Amino acid sequence: MSIRLYALEGCPWCEKVHDALADAGIEYETTWVDALHSDRDEVKRVSGQRGVPVLVDDERGVTMAESANVLEYVERTLA
């Protein structure tokens, strides 16, 4: 899968990104992360920080954080 979303269960910003991807009919894989920031090593490895959501688009070589940026990317590039 070329689109991966790093998300936290119950995170409202992550849910917005999930909804946008689903509404656009985009296939993606979700990697659920630990609630503790200190345990989000995989998120830090791919994005340089531990916050979620983080979207990784392997096909386009894009990794981004911040839900507003991700939502804009989904709308402008993926939808």
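Mentor: Let us begin with a term: a salt bridge is a side-chain nitrogen of Lys or Arg within 4 Å of a carboxyl oxygen of Asp or Glu. Please bear in mind that the model is a predicted one. Under that rule, the side chains of Arg45 and Glu42 form a salt bridge, with N and O 3.8 Å apart, a value that falls within the 4 Å limit. Both residues belong to helix 2 (residues 41–47), where they stand three residues apart, about one turn of the helix. An α-helix has 3.6 residues a turn, so residues three or four places apart point the same way. As for accessibility, Arg45 is exposed, its relative accessible area being 61%, whereas Glu42 is partly exposed at 38%.

With the term in hand, we may turn to helix 3, the part to be examined closely. This helix spans residues 67–78, and its buried residues are Ser67, Val70, Tyr73, Val74 and Leu78. Seen down the axis of helix 3, these buried residues fall within an arc of 120°, so they line one face of the helix. What lies over them? The cover includes strand 1 (3–7), helix 1 (12–23), strand 3 (54–57) and strand 4 (62–65). On the face turned away from the buried side, helix 3 carries the exposed residues Ala68, Glu75 and Arg76.

Glu72 is partly exposed, with a relative accessible area of 40%. The two partners both lie in helix 3, four residues apart, about one turn of the helix. Side chains of opposite charge can pair when their charged atoms come close.

A further pair involves one of the elements already named. Strand 3, which is part of the cover over the buried residues of helix 3, comprises residues 54–57. Asp57 forms a salt bridge with Arg60, and here the closest N and O atoms are 2.9 Å apart.

Note on methods:
Residues are numbered from 1 along each chain as its sequence is written. This is a predicted model: local features need pLDDT of at least 70, side-chain atom pairs count only at pLDDT 80 or more; totals for chains, interfaces and linings use all residues. Side-chain values use heavy atoms; hydrogens and water are left out. Buried means under 20% relative accessible area, exposed over 50%, partly exposed in between (1.4 Å probe, protein chains only). Helices (H or I, at least four residues) and strands (E, at least two) are DSSP runs, numbered from the N terminus. The arc is that of the directions from the helix axis to the C-beta atoms. Contact means heavy atoms within 4.5 Å.
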